[in-house]
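Hello,

I am handing over the structure below. Please open it first, then read the notes that follow.

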Amino acid sequence: MSKKVFLRTFGCQMNERDSEMIAGMLKEKGYEITDDPDEAQVILFNTCSVRQHAEDRVMGNVRQLRSRKKKDPELRIGVLGCMAQRHGEMLFKELPEVDLLAGPSNIYDVPDLLARSVSSEKVIAVDKKKRPGKKAAGDHRSGVFSAFVNIMYGCDNFCSYCIVPHVRGREVSRKKKDIVDEVKSLIDRGFKEVTLLGQNVNSYGKGLSSRTTFPDLLEAVNGIRGIERIRFTTSHPKDAAKPLFRAMAELDKVCTHLHLPLQSGSDKILDLMNRKYTYSDYLGKVELLRKMVPGIGLSTDIIVGFPSEKVRDFEATRRAMEEISYNSAFVFKYSPRPPAMSSCIVDDVPEEVKKQRNNELLALQKKISLANNRGLIGTEQEVLVEGKSRMSGAEMMGRTSANIPCVFPATEALLGELVWVRIDSTTPNTLKGKVVQAKGRRLAP
Ligand code: SAH
Ligand code: SF4
Ligand code: F3S
């Protein structure tokens, strides 16, 4: 009987994609993937180190398995991804129930490690070698219409608070042809939307022998027959510029959404964060983008409570959020991440203050999102029908081109279709409306 594997993913979309590749490789080797940990003989956590909270959750999940592991020593437990890379063998000491560790560059080794871990005590692969651009065996995808496609690995930016360059290594771009071939095969399998993934997609092409840029890549993917939508994440504001905005304006399959993490509205804090732009540089780019791509949806990431953040710095962030008026924002409380540089600066903003600033900005964004969504009432929006609405069985859900969730009465017959929805009401997070045109299909009566 084949062994059952439970694989749980924490962290960003790159980790989600890595988990798909791990699942694909394991299926090829005859394992079965299960979503019930209790029936699994192998339990794997693909982990994130971006904030302490993310690591604590994994620690808690592994510790919960302690008594089961005592009763069933055959159970294999693995910690994969960024935490394995950050802590290495130390994790075996802290979590004695763990049998295998593999860093993000070693995901291709997981099937082999798992086979070895059955006969040997503990196995580990966390060499920081460059990540190979090779294809993983077994092309497993968790979505049906929308798929992630890696275009590059690692990051060279070293924002002072960030662990990612330390655990994912330096930037390596995949070849344009390999990316285009992967997208073509996804479209042949019925996928409609791809999200191109990299920590900083705007520096795509660095180090490749052919001089390729991210806008070149977007153009190539836009030309693939049958593709409906192209999204990408993430863009670093210092590198997002006119050629990208022009590509977004001219290429019809590229969605009108940009995730552009601001992090802080204070130039002092941006400098300490090593972000390499000022707020006014950022604002200038947003103004140009809005002129070139009307209707563009903007989202962002904000960190509150960075060391030495004073009330006036926080107020600058608040004003920036009001001025830019994002469609959505993720707000995070600063968490020191040794060996990232900022961990050398005293973490001097008290937890209570971080929490309060976090809540204030979330409440502010809620108001802004609601006002922006209200502005869309009466408009018609193109939506890719992705699945059933979580709230009501009679409704389907999808996202607008600007990446705003939208629900509307419809049947499953429209799954995977691009439809037009007239917006008639909204909450801060979700637009509601009625389908006015189902492309290529007649509406179900
Ligand atoms: N490469 C992407 C994603 C980085 S991680 C980017 O540059 O946008 C996602 C977000 O987590 C970051 O944008 C940042 O807002 C937040 N983050 C990263 N490190 C953090 C830390 N040490 N404390 C709190 N938030 C952090
Ligand atoms: Fe981290 Fe900055 Fe790189 Fe994003 S760009 S992954 S925040 S170092
Ligand atoms: Fe987390 Fe690693 Fe992604 S630290 S955010 S899973 S790159």
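A helix here is a DSSP run, H or I, of at least four residues, numbered from the N terminus. Please keep in mind that this is a predicted model.

Helix α6 covers residues 110-119, and Ser119 belongs to it. Ser119 is exposed, because its relative accessibility is 69% and the cut-off is over 50%. I also looked at how Ser119 sits relative to Met396. In sequence, 277 residues separate the two. In space, their C-alpha atoms are 49 Å apart.

Now the overall layout. The protein chain splits into three parts: domain 1 (4-125), domain 2 (146-369) and domain 3 (380-442). Between the C-alpha centres of domain 1 and domain 2 the distance is 28 Å. These two domains touch. On the domain 1 side, 18 residues are in contact with 16 residues of domain 2.

Next, ligand 3. Which residues are around ligand 3? They are Cys12, Asn15, Thr47, Cys48, Ser49, Val50, Cys82, Val164, Arg168 and Gln199. Sorted by class, this shell has 5 nonpolar, 4 polar and 1 charged residues. Both domain 1 (4-125) and domain 2 (146-369) supply at least three residues to the shell.

Then the cysteines. Cys82, one of the residues around ligand 3, is buried, because its relative accessibility of 9% falls under 20%. Cys162 is buried as well, since its relative accessible area is 15%. How many disulfides does a search of the whole structure find? The search finds 0.

Last, Asn46. Strand β3 (residues 42-47) contains Asn46. Is Asn46 buried or exposed? Asn46 counts as buried, because its relative accessibility is 0%. Its side chain has polar partners. One is the side chain of Ser19, in a polar contact at 3.0 Å. Another is the backbone oxygen of Asn15, which lies 3.1 Å from a polar atom of the Asn46 side chain. Asn15 is also among the residues around ligand 3.

Best wishes

Methods:
Residues are numbered from 1 along each chain as its sequence is written. Chains are lettered from A and ligands numbered from 1 in the order in which they are written. This is a predicted model: local features need pLDDT of at least 70, side-chain atom pairs count only at pLDDT 80 or more; totals for chains, interfaces and linings use all residues. Side-chain values use heavy atoms; hydrogens and water are left out. A disulfide is a pair of cysteine sulfur atoms within 2.5 Å. Buried means under 20% relative accessible area, exposed over 50%, partly exposed in between (1.4 Å probe, protein chains only). A residue is near a molecule or strand if one of its heavy atoms lies within 4 Å of it. Ala, Val, Leu, Ile, Met, Phe, Trp, Tyr, Cys and Pro count as nonpolar, Asp, Glu, Lys and Arg as charged, and the others, Gly among them, as polar. Domain bounds come from an automatic or database domain assignment. Helices (H or I, at least four residues) and strands (E, at least two) are DSSP runs, numbered from the N terminus. A polar contact is a pair of N or O atoms within 3.5 Å; within protein, one must be able to donate a hydrogen and the other to accept it, and residues adjacent in sequence count only if both atoms are side-chain atoms. Contact means heavy atoms within 4.5 Å.
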